[in-house]
Amino acid sequence: MSKTPENMITTKNITKTVSTSEGPLTILQPISFDVKASETVAIVGASGSGKSTLLGLLAGLDEVSTGEIFLDGKGLHQMDEEQRAQLRGEKVGFIFQSFMLVQSLTALENIMLPAEIRGLDNPKKLAEELLAKVGLEHRGGHYPNQLSGGEQQRVAIARAFITQPKILFADEPTGNLDAANGERVENLLFDLNKSADTTLILVTHDNQLADKCERQLVMQAGELTERSNDAPRPSNGKPQLKAI
Amino acid sequence: MWLNLAWRLFRHEAKRGELTIILAAIVLSVASVLSLSLFSERLQQALTDKTAQYIAADRVLDSRKPIPVEWRDKAAEMGLNTAKTVYTRSMVFADEDMLLVDLRSVNENYPLVGEVKISEQAFGVGEVTDELPALGETWVESQLMQQLGLALGDQIYVGELALTITKVLSEVPDSGFGLFGSNPKVLMRMEQVTETEVLGAGSRATYSLYLTGDKTQLDDYYEWLEPQMDNELHYWMSVEDDESPIGRSVARAEQYFLLASLLAIVLASVAIAVAAQRYSQRHYDPVAIMKTLGASRKMVQQVYLLQIIFITTLGILIGGAIGFVVQQGVVSLVQEQVSVSLQTWYWGPVWISIFTGVICALLFSLYPLLKLFSIPPLRVLRKDLGSNMSSRIIQFAAAGGAILILMWAYSQNIKISAILFSSGAVLVAALLVVTTGLIWLGRRLGQGRMGAWQLAWARIQRRAMDNSVQLISFSITIMLLLVVLVMRNDMVEQWRDQLPEGTPNYFLANITETQKPMMEEHFASYGVEVKEYYPVIRGRFVAVNDEKISTEVSKEEEDSEEARNRRDSLGREANLT
Ligand SMILES: Nc1ncnc2c1ncn2[C@@H]1O[C@H](COP(=O)(O)OP(=O)(O)O)[C@@H](O)[C@H]1O
Ligand SMILES: [Mg+2]
């Protein structure tokens, strides 16, 4: 099995085909790329191009149809769901467009959740520290529906960092936020990421956000290409959000 | 630790009212089962107590010959209370007069249930006593004193024994239901019965052993006794296998209660099934999130099973409390008609209601829970992903099994359960055939037309399957409701039919021809309608269709069951009207 130790992610010819009522549908064409540890990578592309599908495969939420994926040296494609769940708990953090907080738990309890699942000591103390870092120390007892979108996403960021994951996956983290809140969340995400030295895979169709990453991969109809930083950037056909 | 998370989820959800429906369903099932079964148990007990008073014990062993001493000793050894009696018909003499009496010799423990009433003068109002006549004394009924012209303190001869009348006997518990001219009762102590010498060869006496105690003790005793009993000589009487009209009515009422409880159970089960489905759907996201964050399948299962346990426990506690209060209320409402005791506590209804709560909660939430457990973590990225479980066999098996188990546990009657269950199953099958038939027909009709039509039918099909369980449950509920209604009318009708229209409630006996005009006037002045006066005369059958009926006791006849029966019914004195 060939893998370089400094690679956090290695993919070899991964594809994803799903069966639909109109026959099999190939969502991802063979994709191969590596991501080094501590690297920040943006995956950009039009909606429906397959970005979230790729993210789901890389994070071990879904199974590849063909090909191989190694996450921190572990072959995801050889694991069953139980093994992948354990790996996710140990190495991976998540941030989603729709926040994905548990509605019947408070902000603080939501942040504690991954630590509890992993069985860490004193999850409450860790959660309180992170709550302070995202500036919500007075809102710990509030339920998600009592928080604004921006506040919910900050809770989600705190939740993502509590287990000190080696790699963080973010699927359109600012997609549901207005410009001001989006920017605040972006800054928080990159600050925390920098200080924790985490590998970041960020899916977005916001070019400005993508620019904050060291590397950009472009998804187009299931095909992934590398974009050099100075190459002209194709418009994705969507109006861009700009900070005022 | 999982307890922690489960408890936290439960607490928050309970506080936010998310669990109200499922909790209410469990509370409903537990409360209805507990109140109904506890009440019917109490009513049953009240009626059994009443019946026990008529036989003065819980069980009676009657015998044509003296009962072996070991039998009584064994009963005492097994912790039962015992009393012994000998009843016979005999002549008593006072001066020149004599009269056939119902002679009752009893030992010091008589009666085990019910009360003896006595008074100080003939036809006086009886008062309860817990004493018995002393040796050499006797208590006799008013009729004897009247017919032989006796007073308290006078002596009568029972066979060879002289006894002094010290009290007038007004009532004994085991007096039987004879209306006219039963012989007056004479109560004396059994210790002296041999001195009377009335129990010689050829006399017809009934020796009895009266027993009270725990049902299990009584059953154990009967199990020990039965192999030794001689069917020719011995007869076992129990208050519970009461064949009287009252006994049969109680048995019918109990089955009615049973059915009514089943209705409540099915209703509650439907509510639980619907609520559990909703609950499960609301938790698709939390489960996907937990799995995404690294929770194993086992963890998720534990968290949610614990939640179900919390909800069930809470539901059972609240339901138990409500059921108890309701039952208490119903008992005090009927207290005026039936003296139902609130003293005794019955564990049976408690267990059965807890069992009901647990079975309902577990089996009806099983399918929604299994669906919940199978939610893939990828749902965090693709909102439309649901459960990949498609087979509903588990759901039907669990729901059907739950209902059957509950029917059986509750009725303890496999026949009733099987009949109800299979008619329900037939109904379900019929409903399934009709729904699938309609859907199939719809698709056939829509074939060849544009896609929208097909899309609509596919949607209906999906919905129909989704809702089929609820549809079926509601149909069964309605079926049960109808059965209960029909049965209620039927039962009231049957009770009424037991007595013909206009059956009198009270009887007055021993009216002489000269008293008649006075009685008529008396009743007319109070507006009471007197239908008819019947002459009653005592007599003996001597022949039926030229076949002579012997009243003599002969050795051959004693051995012939047939002859004995004939003699019992026809050879004795009878009231002719
Ligand atoms: N399991 C599936 N069945 C059918 N279509 C799917 C499935 N998964 C993804 N798709 C389709 O694949 C395409 C890519 O989806 P996605 O990865 O969510 O795109 P993006 O995140 O770039 O907007 C979409 O058209 C989506 O509908
Ligand atoms: Mg997407």
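A salt bridge is a side-chain nitrogen of Lys or Arg within 4 Å of a carboxyl oxygen of Asp or Glu. By that rule, two salt bridges are counted between chain A and chain B of this predicted model. The contact between the two chains involves 31 residues of chain A and 28 residues of chain B, and the area buried there is about 2,500 Å².

**Interface of chain A and chain B**

- Carbon and sulfur atoms give 67% of the area buried between chain A and chain B.
- Three residues, M100(A), E116(A) and I117(A), supply 26% of what chain A buries against chain B, more than any other three residues.
- E116(A) also takes part in a salt bridge, its side chain meeting that of R8(B) at 2.6 Å, N to O.
- On the side of chain A that touches chain B, the elements giving two or more residues are α1 (51-58), α2 (81-91), β6 (92-96) and α3 (107-118).
- The residues on that side of chain A divide into 14 nonpolar, nine polar and eight charged.

**Cysteines**

- Over all chains, a search of the whole structure finds zero disulfides.
- C213(A) has 5% relative accessibility and therefore counts as buried, the cut-off being under 20%.
- C360(B), at 0% relative accessibility, counts as buried by the rule of under 20%.

**S208(B) in strand β10**

- S208(B) is found in strand β10 of chain B, which covers residues 205-212.
- Its relative accessible area is 4%, so S208(B) is buried.
- The side chain of S208(B) is joined to that of D62(B) by a polar contact of 2.7 Å.
- Apart from neighbours within four places in sequence, S208(B) is in contact with V60(B), L61(B), D62(B) and I67(B), and also with A83(B), K84(B) and T85(B).

**V325(B) in helix α9**

- V325(B) lies in helix α9 of chain B, residues 297-334.
- With a relative accessible area of 58%, V325(B) is exposed, because the cut-off for exposed is over 50%.
- V325(B) and A31(B) are 294 residues apart along the chain, and their C-alpha atoms are separated by 9.2 Å.

Notes. Residues numbered from 1 in each chain as written. Chains lettered and ligands numbered in written order. Predicted model: local features only at pLDDT ≥ 70, side-chain atom pairs only at ≥ 80, totals over all residues. Heavy atoms only, no water. Contact = heavy atoms within 4.5 Å. Buried area = accessible area lost by both parts, 1.4 Å probe. Helix = DSSP H or I, 4+ residues; strand = E, 2+ residues; numbered from the N terminus. Nonpolar A, V, L, I, M, F, W, Y, C, P; charged D, E, K, R; others polar. Disulfide = S-S within 2.5 Å. Buried < 20%, exposed > 50% of the residue type's maximum accessible area, 1.4 Å probe, protein only. Polar contact = N/O pair within 3.5 Å; in protein donor to acceptor, adjacent residues only side chain to side chain.
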